[in-house]
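Me: I'm new to this one and would like to learn how to read it. Can you walk me through a few features?

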Amino acid sequence: MIKLSSEIAGVHFKNPVVMASGTFGFGREYGKLYDVSCLGGISGKGLTLNPKAGNSGIRVYETASGMLNSVGLENPGIAAFLEKECAYWETLDTARIVNLGGGTLEDYVLGAEMIQEDADKRLRTGKTAVDMIELNISCPNVKEGGIAFGVKTCAAQEVVRAVRKAVKLPLAVKLSPNAEDIAEMAQMCQEEGADAVSLINTISGMKIDVRRRRSVFDNLYAGLSGPAVKPVALRMVHQVAKRVKIPVIGMGGITSALDILEFIMAGAAVVQVGTYNFLNLRAGSTLVEELEHLMEAENIRSLDEIRGII
Amino acid sequence: MATVISNERLTDGVYQLRVAGDYGGEMGQFYMLRAWGAYPLLSRPLSIHQVHEDGIEFLYHVVGEGTELLAGLVPGEPLSLEGPFGRGFPQVDGKVALVGGGIGIAPLFYCAKQLPGCDIYLGFSREPFRTEAFRPFAAELTVNVGGLVLDSVDFSAYDHVFVCGPLPMLKAAQLKGFAAVEAGSRARVHLSLENRMACGIGACLVCSVSCRDGQRKACTDGPVFLSEEVVFHD
């Protein structure tokens, strides 16, 4: 019997395959193609206190083995999520993670409080829709907040401290590879009481349209993801896992079970899969199946045997 | 996995791809195609050109790496299809005009076959293609090369106008539709948008369309929208 499961702050992950925020909606669309309860978890589309229309202009551009996106956190807002999506999340047998973004410190805190209140209310009727909050201090595509908080440790510290104070739910903090010192950032999160860190968000990048003599993106820069970023992500997960004791949720360019094992060996507790969902709409079920076979072939009985061995 | 039956070059950069398999769909819906491994990363959304008993057909214009790879496919080669996706053209009654520009004629052929007796307007900047295939289904067929095919269409003569073509043409069709309605016409104008997509199923929000009631998704709320719903930015 192969053991794929693990726990982060009391939240059970039946396997390490978690779908990454921004690539999976709230799961409904992929749920029409396969049973998303086969997944270890789902991190929903990044939410802000108020609805956001996102960025204008072209929002996606392919690069060598990757893609740039400039969605700009388009989302329905937290109230609409709680009202329209949580009933669906209640039915899912997988770890359900709310990805919380913000513009200002106040927005983050108000948003976090709303999610916590809703969770408390549901719990009183014996229901749960949200198992964990993933605090996004690292979106490269929004002008205020987002990456501004994600680059400087002292700026991030304020947000992490305030949100930690506002919620009892398990809290992971999603880190930016654009941080000045990502290991220091992770350590700060640990000291401020975060239950986990997740990394990496997209790498800030650019594409110029030579003929039009301008950036392809209205927002100038965009976030790079996909296999192109995997070596960088793996190195950062390794560095962070060496620095902190809290679990590390690793991601960046994963497209195979072999990639997953690399991240686990680098020290990740579980992983997230993002861009691969666009190549293969059944990425989740493919990877869970592939992973079991690969572990069997490699004679690995539990991920605990190989976690952080490098 | 689907299999290529044929992949014929119609004119410079324009191909007609026929794929074997049990694939259906409605007018204006699309499939996500890929015939390669991990690179290019994304699949390519192509609208349904027509459905056969033994397969499905697409029409595409080579504009980048993905379509270039599609152009290299030979009979017997495998490719993957996901779909049909999206909300296409509605089933309508009354007098219908189909207006296509360039590769935008692709979904209109499937419409023409289901709406016999419609008037068809096809515009091309250079050499036209597939025009004779449309003729048997058209009450009247107008082909324009090098000009603006929209200029030939009197919107007030129709209950519905289906438009698919380059962005400037869609914008012009919207304005023409507004003018027609203001002049007392009951014409409803339906635009098929061609936004860049990643997932194709409504999860990633890269194909967002600005609409009067907020952001909508080209892949699931569209690609066909009522023209008055869409807010075009410059």
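**Cysteines and helix packing**

Reply: Let's start with a cysteine: the sulfur of Cys164(B) lies 8.9 Å from the closest cysteine sulfur, in Cys111(B), and that is too far for a bond. This is a predicted model, where local features need pLDDT of at least 70 and side-chain atom pairs count only at pLDDT 80 or more, while totals for chains, interfaces and linings use all residues. Residues are numbered from 1 along each chain as its sequence is written, chains are lettered from A and ligands numbered from 1 in the order in which they are written, and side-chain values use heavy atoms, with hydrogens and water left out.

Me: Is Cys164(B) buried or exposed? And what about Cys154(A)?

Reply: Buried means under 20% relative accessible area, exposed over 50%, and partly exposed in between (1.4 Å probe, protein chains only). Cys164(B) is buried, because its relative accessibility is 11%. Cys154(A) has a relative accessible area of 56%, so it is exposed.

Me: How do I read two packed helices?

Reply: Two packed helices are described by the angle between their axes and the distance between the axes. Axes are lines fitted to C-alpha atoms, for helices over the stretch in contact, and angles run from 0 to 180 degrees between N-to-C directions. Helices (H or I, at least four residues) and strands (E, at least two) are DSSP runs, numbered from the N terminus. In chain A, the axes of H6 (residues 153–166) and H7 (residues 182–191) come within 10 Å and cross at roughly 25°. H6(A) and H7(A) are therefore roughly parallel; angles under 35 degrees count as that, over 145 as roughly antiparallel, 65 to 115 as roughly perpendicular and the rest as oblique.

Me: Which residues of H6(A) and H7(A) meet?

Reply: Contact means heavy atoms within 4.5 Å. From H6(A), Thr153(A), Ala156(A), Gln157(A) and Val160(A) meet Glu184(A), Met185(A), Met188(A) and Cys189(A) of H7(A).

Me: At what angle do H9(A) and H11(A) pack?

Reply: About 70°, with the axes of H9(A) and H11(A) 8 Å apart. That makes H9(A) roughly perpendicular to H11(A). Ala257(A), Leu258(A), Ile260(A) and Leu261(A) in H9(A) touch H11(A) residues including Leu287(A) and Glu290(A).

Terms used. A disulfide is a pair of cysteine sulfur atoms within 2.5 Å.
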